Amino acid sequence: MTSVATAISLSARPGGATSTCSPDLAKGPWEFDAGEALRGAPAYGPGASSGDHAPSSTPRQGQLPQEYKDATEAELHERITAAKEKLGNRVVVMGHFYQRDEVVQHADFVGDSFQLANAALTRPDAEAIVFCGVHFMAETADILSREDQAVILPNLAAGCSMADMADIDSVEQAWAQLEDLFGTEPDADGRVPVIPVTYMNSSAALKGFCGEHGGIVCTSSNAGTVLEWAFERAQRVLFFPDQHLGRNTAKAMGVPLEQMPMWSPRKPLGGNDAATLQDSRVILWHGFCSVHKRFNVAQIEKARAEYPGVRVIVHPECPMEVVDAADEFGSTDYIRKAIAAATEPTVFAIGTEVNLVNRLGAQYPQHTVFCLDPVICPCSTMYRIHPGYLAWVLEGLVEGEVRNRIEVPPAVATTARVALERMLAARP
Ligand code: SF4
């Protein structure tokens with residue numbers, strides 16, 4: 001299988017055939033760390049989120065030592081392997097489904113963010129958890145792991161543009177306005193006016209906010225169960241940061257679209273009138289994933305025209321019209337299991353991040369598996385975890401130095417854990 005990174009570097013050469021969303025993808029991520037330092041403003045780097053606005057509070061990555069930038073892929077592979085061997089059980093490496101293959105091949109566990117945070121719990125012997133994902137995932141691992149375990153994010157600039165679309169200040173302002181409007185008294189059935197629900201793809205501060213305000217966390221696998229839990233306790237839900245997951249899930253549960261107003265931060269009442277909010281069931285935060293926003297109905301029509309009988313499965317972070325046009329929608333885990341469970345050779349057109357789709361294609365050669373988006377455009381921030389950074393943090397551990405530790409303040413971790421535990425208890 002040609003990895004996405006290899007395909008990108010081949011396409012960036014003169015005469016290369018494959019199109020990419022940015023020729024800058026062929027450069028090392030450190031070139032953008034340096035660029036950010038010069039411009040003084042953080043950015044997500046090339047890839048699907050490159051056009052999104054990165055908040056000024058986005059963590060910055062210091063310069064990677066030159067020896068890691070100059071090393072070839074083979075040299076980095078050897079250095080990572082050697083460092084892992086020396087560290088043995090002292091370290092556990094987590095690789096998210098969307099991570100590049102050059103990194104995933106060194107992972108002890110591969111999965112989605114919550115699977116990986118849970119997998120870390122099975123390794124209490126490890127002194128360090130190296131999380132090859134993005135910032136909110138490392139925070140979740142830190143919340144769930146032992147206090148003396150160090151959670152490491154190899155490149156601090158690996159954030160998540162969707163998670164950054166809802167910050168704690170904007171959510172607190174929204175909450176204050178909703179409390180003014182609805183009050184805090186429960187109705188005759190004991191249901192409070194509103195409950196906050198945050199997607200796993202959010203900062204620890206937002207998970208903590210939910211824990212503190214009777215709310216809960218959801219994943220793309222359990223969003224329906226979590227919304228049912230919330231509707232038993234509240235008249236309506238404030239759902240952040242991903243509008244698409246909220247809308248697609250609530251719509252599948254029968255909530256009418258007109259009862260799902262959008263909340264635009266920085267506008268009074270989120271850009272709504274009071275009557276609309278009073279009548280709402282799910283108030284959707286104006287957030288989205290730039291990877292899943294790339295999928296559209298025309299791509300599905302094209303796949304159906306080229307492959308009659310194709311099975312189209314998309315992620316619930318895709319826009320509603322894409323989910324409606326697909327045959328099925330579900331989390332990365334759902335997609336993986338659907339392909340694994342197909343007993344006859346099948347053509348699958350998948351609407352999720354390209355690294356995972358290509359890996360599934362290689363893993364199940366009896367099927368034809370392709371990404372609905374024909375342009376190679378990975379998640380910008382996952383792409384910031386280059387093997388050079390992984391080698392740097394692992395060799396740091398060998399030398400006794402913990403680099404790029406992610407630590408959630410204890411007060412935030414305590415309330416965030418409450419919201420995560422409610423989610424686990426809500427699981428059917
Ligand atoms: S794929 Fe989307 S939601 Fe996932 S880390 Fe990337 S930007 Fe964030």
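Here is a chat about the predicted model shown above.

Q: What kind of model is this, and how are residues numbered?
A: The model is predicted: local features need pLDDT of at least 70, side-chain atom pairs count only at pLDDT 80 or more, and totals for chains, interfaces and linings use all residues. Residues are numbered from 1 along each chain as its sequence is written.

Q: OK, how many helices and strands does the protein have?
A: The protein has 18 helices and 13 strands. Those are DSSP runs numbered from the N terminus, with helices being H or I of at least four residues and strands being E of at least two.

Q: And why call it as compact as a globular protein of that length?
A: The radius of gyration is 21 Å, close to the 22 Å from the globule rule for 428 residues, so the protein is as compact as a globular protein of that length. The radius is taken over C-alpha atoms, and the rule is 2.2 Å times the number of residues to the power 0.38. Along the principal axes, the C-alpha trace spans about 65 × 55 × 45 Å.

Q: What share of the residues is buried?
A: Of the 428 residues, 52% count as buried. Buried is 20 or more other C-beta atoms within 10 Å of a residue's own, exposed is 12 or fewer, and partly exposed is in between, with C-beta atoms placed from the backbone.

Q: Switching to β1, how covered is that strand?
A: Strand β1 (residues 91-96) is mostly covered, with 6 of its 6 residues buried. V91, V93 and G95 are on one side, V92, M94 and H96 on the other, and all are buried.

Q: Which strands does β1 pair with?
A: β1 runs parallel to β3 (residues 128-132), joined by 5 bridges, and also pairs in the parallel sense with β2 (residues 109-111) over 3 bridges. Pairing takes at least two DSSP bridges between the strands. V91 has A128 in β3 as its bridge partner, while G95 has V110 in β2.

Q: Which residues does A119 contact?
A: Leaving aside neighbours within four places in sequence, A119 is in contact with M94, F109 and G111. Contact puts the two C-beta atoms, placed from the backbone, within 7 Å. A119 is found in helix α6 (residues 113-121).

Q: Is A119 buried or partly exposed?
A: A119 counts as partly exposed, because it has 18 C-beta neighbours inside 10 Å.

Q: What about the sheet with β13, what's its strand order?
A: That open sheet of 4 strands runs β11-β10-β12-β13, with parallel pairing. Its edge strands are β11 (328-329) and β13 (368-371), each pairing on one side only. Helix α16 (residues 354-363) packs on the sheet, touches β12 and β13, and makes about 170° with the direction of β13. For that angle, axes are lines fitted to C-alpha atoms, for helices over the stretch in contact, and angles run from 0 to 180 degrees between N-to-C directions.

Q: How many bridges do β12 and β13 share?
A: β12 (residues 347-351) pairs with β13 in the parallel sense over 4 bridges, and V347 stands opposite T368 in β13.

Q: Last topic, which residues are closest to the ligand?
A: The closest are C160, M162, C289, V291 and C379, out of 14 residues that surround the ligand. A residue is near if its C-beta atom, placed from the backbone, lies within 6 Å. By class, the shell has 8 nonpolar, 5 polar and 1 charged residues. Ala, Val, Leu, Ile, Met, Phe, Trp, Tyr, Cys and Pro count as nonpolar, Asp, Glu, Lys and Arg as charged, and the others, Gly among them, as polar.
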